[in-house]
Every structure is written in structure tokens, then in C-alpha cells.
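Let's take a walk through this fold together. Please have the sequence and the model side by side as we go.

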Amino acid sequence: MGNIFDRLRTGESVSFFDPDYPLIQEACARTRAVMHLVNNEHDTHTILTLLSKLFRQPIPTTSVILPPFHLNYGNNTTLHEHVFINYDCSILDLCGEVTIEEGVMIAPRVSITTEGHPINPTHRLSLEGKPVTLRKNAWIGLGAIILPGVTIGENSVVASGAVVTVDVPKNTLVGGVPARILKNDLEHQ
């Protein structure tokens with residue numbers, strides 16, 4: 001049994017009443033303090049430097065994140081080269097890894113979450129989650145929502161307003177609520 005963050009990352013359901021739950025509240029408070037600075041900053045280099053304190057590794061200087069940006073933890077998120085995250089995006093990575101590969105573009109108001117709660121009401125006061133992966137050159141459209149456990153395939157497009165609940169194959173366009181395949185074989189379009 002690891003610490004509470006390891007337990008969440010490996011998919012364990014953790015009760016709000018777990019004796020280690022205050023560690024989550026403390027970590028999220030530290031993240032909010034850094035995010036306050038990020039969201040009041042205009043200099044791109046300073047923004048990346050501040051966010052690198054939260055993310056697992058330094059954010060590549062070829063990537064851009066435009067504030068306001070919302071993050072509840074940060075330590076489970078990895079950004080690769082040439083990532084673009086537009087205004088007002090939200091990443092909830094407390095319960096799993098969020099991997100954003102090279103060349104991913106994320107439009108304004110996109111929400112990505114690794115977190116959820118059990119549907120059984122007697123267990124609902126718990127956190128549980130699964131990782132999210134955005135593969136190379138994926139494009140996530142305006143206001144899309146990516147739910148826990150989803151992988152967006154390489155070169156794929158998520159249409160504006162889509163709610164993605166299952167994996168998206170590579171070179172595929174999806175849209176709708178819930179998202180469904182609209183077009184395949186994008187690399188030959």
C-alpha cells in the first residue's frame with residue numbers, strides 16, 4: 001500500500017474519510033497558490049516556469065499554455081514538445097496520469113479529467129480514476145470534455161462540444177454527446 005497519491009494513480013477508490021485525505025487537500029491548496037500566480041501572469045516563459053513546479057518535468061519551451069488555465073494537482077501531468085493549450089482549459093489529474101504528446105492542440109474551454117466517483121450512492125464520497133492520453137498531433141476542439149480512461153489516438157480530432165467517453169482510434173474525427181466516429185482515415189483526407 002503506497003501513499004494516497006499512488007493509490008489513486010493505480011486506480012484504487014479512496015474515501016473522503018481516509019486518514020490520509022488531508023494530504024490531498026494540502027497538495028491541491030499548494031497547486032491553487034501556483035495557479036493564482038499563473039493566471040495573473042502575461043509572460044509565456046514565466047508561466048511555463050511556474051507550471052514546471054507542478055508538473056512532473058519541466059515544460060518544454062516549445063509548448064504554450066494560455067491563462068486562465070485550471071489545474072488541481074499537476075504532478076500527474078506530462079507535456080511533450082510543441083503542445084498548445086488555449087484559454088480557460090481545465091485538467092484534473094489527481095486520480096491518474098494525463099499524458100499530452102508532441103504536437104497536441106487543445107482549444108479553449110476544454111476539460112480533461114482523470115477523476116470520478118462511484119455511482120453507488122453508499123460509496124459516492126470517494127475518488128476514483130483512470131489515466132487520459134492525448135497521442136501525437138491530436139486536436140481537441142472548443143469546449144470538448146475528455147473523461148477518465150480515454151486515449152485520443154494519434155492525428156485524431158475531437159469536435160467542439162464533444163464528450164469523449166471511450167478511446168478514439170488514430171486518424172479519426174469524433175463528435176457528439178457521447179462522442180461517436182464521424183470520419184475515419186484522416187491522414188488521407
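Where does Pro178 lie? Pro178 sits in the loop between strand 18 and strand 19; helices (H or I, at least four residues) and strands (E, at least two) are DSSP runs, numbered from the N terminus. What you are looking at is a predicted model, in which local features need pLDDT of at least 70, side-chain atom pairs count only at pLDDT 80 or more, and totals for chains, interfaces and linings use all residues. Residues are numbered from 1 along each chain as its sequence is written, and side-chain values use heavy atoms, with hydrogens and water left out.

A cis peptide bond links Val177 to Pro178, with omega about -10°. The hairpin of strand 18 and strand 19 has four residues between the strands, and Gly176 there takes a positive phi near 105°. Strand 18 (residues 173-175) and strand 19 run antiparallel and are joined by three bridges; two strands count as paired if DSSP finds at least two bridges between them. Within this pairing, Gly175 stands opposite Arg180 of strand 19. Following the chain into the segment after strand 19 brings you to Asp185, a residue other than glycine whose phi is positive, near 60°. Asp185 is partly exposed, with a relative accessible area of 39%; buried means under 20% relative accessible area, exposed over 50%, and partly exposed in between (1.4 Å probe, protein chains only).

Seven strands form an open sheet with mixed pairing, in the order 2-5-8-13-16-18-19. Strand 2 (64-65) and strand 19 (180-183) are at the edges with a single partner strand each, so one side of each has no neighbour in the sheet. Further in, strand 5 (residues 84-85) and strand 8 (residues 105-106) run parallel, joined by two bridges. Here Ile85 stands opposite Ile106 in strand 8. Arg109 is not a glycine, yet its phi is positive, near 60°, and Arg109 is partly exposed, with a relative accessible area of 49%.

There are parallel pairings to trace through strand 6 as well. Strand 3 runs parallel to strand 6 (residues 89-92), with three bridges between them, and Leu71 stands opposite Ile91 in strand 6. Strand 6 also pairs in the parallel sense with strand 9 (residues 111-113), again over three bridges, and Ser90 stands opposite Ser111 in strand 9. In the loop between strand 2 and strand 3 you will find Pro68, joined to Pro67 by a cis peptide bond with omega about 5°.

Which residues of helix 3 are buried? They are Ile47, Leu48, Leu50 and Leu51. Seen down the axis of helix 3, these buried residues fall within an arc of 160°, so they line one face of the helix; the arc is that of the directions from the helix axis to the C-beta atoms. Their cover includes helix 2 (21-38), strand 2 and strand 3 (69-71). In the loop between helix 3 (44-52) and strand 2 is Gln57, and a polar atom of its side chain lies 2.8 Å from the backbone oxygen of Leu79.

Not counting residues up to four places away in sequence, Phe69 touches Met35, Asn39, Leu51, Phe55, Ile85, Cys89 and Ile91, where contact means heavy atoms within 4.5 Å. Val132, in strand 12, is buried, with a relative accessible area of 0%. Beyond four places in sequence, the residues that Val132 touches include Val98, Ile112, Ile146 and Val150. Val132 and Asp167 are 35 residues apart in sequence and 9.5 Å apart in space, C-alpha to C-alpha.

Methods:
Polar contact = N/O pair within 3.5 Å; in protein donor to acceptor, adjacent residues only side chain to side chain.
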